[in-house]
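Visitor: I'd like a quick tour of how the two chains meet. Can you walk me through it?

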Amino acid sequence: MILNETPVRTSKNFNSNNIELKNFEVPQENNGFLNRNIYINSEKKIMIVAESQEDSERLNDLYEDNKVLVTEITKSDFKLKYGVGQENNPNQFIRVLAKEGATGVAINLEFTFDEENTNLQDAIEIYAEKDTDLDVTISYVPNEEFGEYSYHNGVIKLTALENANVNITVVNLLNNSSDNLISFENKLLDNAKLNYTIIDFGGKNSITNYYTDLFGKNSDNRVNSIYLGNNNQLFDLNYIAHCHGEKSNINIEVQGALKDEAIKHFKGTIDFKKGCKKAVGNENENCLLLSDKAKSLALPMLLCSEEDVEGNHSSSSGKAGQKELFYLMSRGLTEKDAMKLLVRAKFNTILEGITKNDVKELVSNAIDSKL
Amino acid sequence: MAKTQIEDINRNIYDFKKEDNYDYKIKKGLTKEIVEEISKQKNDPDWMREIRLHALEVYNELELPTWGPDLSELNMDDIATYVRPKSKLNSSWDDVPEDIKDTFDRLGIPEAEKESLAGVGAQYDSEVVYHSMKEELKKQGVIYTDMETAVREYPDLVKSHFMKCVPVNDHKFVALHAAVWSGGSFVYVPKGVKVDVPLQSYFRLNSPESGQFEHTLIIVEEGASLHFIEGCSAPKYNKVNLHAGCVELYVGDNAHLRYSTIENWSKNMLNLNTKKALCGKNSEMEWVSGSFGSKISMLYPMSILNGEGARTEFTGISFAGKGQNLDNGFKVIHNAPNTKSVINAKSISKHGGKCTYRSLVRITENAPKSKSSVSCESLMLDDISVSDTIPTNDIRTDEVEFSHEAKIGKISDKAIFYLMSRGISEEDAKAMIVRGFAYPISKELPVEYAVEMNNLINLELEGAIG
């Protein structure tokens, strides 16, 4: 199956135009996914269930006073085919609506995989109206001791209207026998700000497509992403940002480490469209190789049809600093602990961006156990 | 600040055309009969004819690239793949027919030969019309001749290297080249010989609706060194011309080769050239490349670092003006421990031109302790031009240092303001900044080669702005 195609092709021999997954099959059985919880400002809530998408819009009028409306839509005939290229027939359809002027809203969506819930195909729509301030954390985590195959194919779609300020954290800690496909699609209007933190640790195959359209003047999107691979995990990350609006700003920061025979493909595209005067785009990708069998492929693209812009990208790969390791070991740490400390230090600035402490701790433990 | 309009480069000194006065021009198109006819005209030995026919089969099987510039306007049925000028191979300019000599005179080649080159080869359409080399190099065993003579006189050397570095099935246009190649240079530098003064080959395509498919084969043996310069130009016609040359470079252990190219094809030229170098232990391969002309260019020189400690450096600049699509870059494969590569690419686009930097850095499992550093910068001179950067970095082992940096942008208003506040006019300030941008490349170009290259840089960067 061919997924995650880049917006512009390059030579086939470079093996970077897309990812071909061999022996990959979408599980036929789709029994739904019940193990999901929602918290609004730390309070556990029962989602409002709408029968259909139209229903959920009608509910919107009923809850006029609420700052935020989270609806679970049980029936939808809609099929999505987003960036990763794999069709998604959602068994979870959740809509988050932050109403105009709503501030200080924190939403936490938790999906827990276990024997009963192994196939999650979720579509999450987040709609931040004008002048909102919204924080969303979404986690895909297996139940303790659950080591079986699970399949996740999700779409998270965000629309941020004028002056909205949205902070989203997505955590993927699936086990290494699973498949994880996730696409993000964002649309930002004038002065909208979006901070995305993506923690990508799980899945034998983890395929991410991140697509953002900066339509608005002064719209600003920062993406901070970390990946950590061991065994024979494969990460394929395809980040695409289109700058349309004047003074729009995109900043992509991807930090990662690969152990054992893990493989990572990073494809990052910043596309300055005509008219995006004074737009700024930065892209930085750094991969720490912890084994001589690990492989890192990077394709950081800059496409530019506008003169008055500033675009930079940098990409680097290499081993952990021997000097730093030696220093830490001379202070009594074992090599393993010293290495852990270095990886953690590398990830730290991005981990700090996670707003929820328990999620932060979960990620922190995952780093320890992977290393 | 008012926008400075940048005029297109004045190509008058290259654009003069001579009457299409050929001795033999093969009919247009590409068929087995045509390839056999070329082979017959060129008196090929059997092994060469077989390579040509095999290459034609490969050509017919391969697809056009699915990436890069649109090549749909190329119709091989409209292209004559072999044009023999009315001249045999000469070793004195006096023997070269007047109109051909006049062409090279105007390009300044004989003059440069006198002043600063150790040997010169000049190709007009499909055949080399002039070749000479200084006596002392001959005595040291250096061979510098045209490819046809090499095939005849040094068959073993040619046979063991021809299309071995660049395999026939590398891509469609390599296969095309192998089927219809004609002309080009052969250089052999024996073990330990250092050629201090550069050798130069100049390729001129005069005939309209034709193709030039010269083959350059350079073998630099262990411990030897060479600087080779290649220049190309053509007058402008309304129909498409095609250039699909092939350059194979063999750099022996501890050897050094510098390969400088100035391509200034006319703006109806499709330049689909292939260049590859195989580098031995502790060898050094330097590429200096200036890409100015052509309508579409797809050119990605490649170094394969097979020997431990081999080093390669690429310094290149592309300048795309109106109607041009220059898709250039560099490829390097690190295939042995302790290898190093340094890549420095710049591009300038103006007047709706499109520059693309496309590259590959691959550090294989066999190349621990290798280092690679890539820097590419693009300058946009107006808001109707396009500039893309598409680099692939493929790192397959851990003990390496790899870094890649790219920047894109316009001339900084602050820098212009600063220079203007020092009493420099806006035009001069801009020209100064653009020249400064190109300086790391232009300083690498041989001063002796001033004849053509300096003209170009000045025309493009000084005269053009303001």
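Guide: G318(A) stands opposite E401(B) in β24(B). This is a predicted model, where local features need pLDDT of at least 70, side-chain atom pairs count only at pLDDT 80 or more, and totals for chains, interfaces and linings use all residues. Residues are numbered from 1 along each chain as its sequence is written, chains are lettered from A and ligands numbered from 1 in the order written, and side-chain values use heavy atoms, with hydrogens and water left out.

Visitor: Over how many bridges do β25 of chain A and β24(B) pair?

Guide: Strands here are DSSP E runs of at least two residues, numbered from the N terminus, and two of them pair if DSSP finds at least two bridges between them. Strand β25 (residues 310–318) of chain A runs antiparallel to β24(B), and the count is 9 bridges.

Visitor: Which three residues supply 19% of the area that chain B buries against chain A?

Guide: Buried area is the accessible area (1.4 Å probe) that two parts lose on being put together, summed over both. Chain B and chain A bury about 3200 Å² between them, with 50% of it on carbon and sulfur atoms. More of chain B's part comes from this trio than from any other three residues: D383(B), D398(B) and I408(B).

Visitor: How far apart are the closest N and O atoms of E399(B) and K319(A)?

Guide: A salt bridge needs a side-chain nitrogen of Lys or Arg within 4 Å of a carboxyl oxygen of Asp or Glu. There are 4 salt bridges between chain B and chain A. For E399(B) and K319(A), which form a salt bridge, the separation is 3.8 Å.

Definitions and conventions: Helix = DSSP H or I, 4+ residues; strand = E, 2+ residues; numbered from the N terminus.
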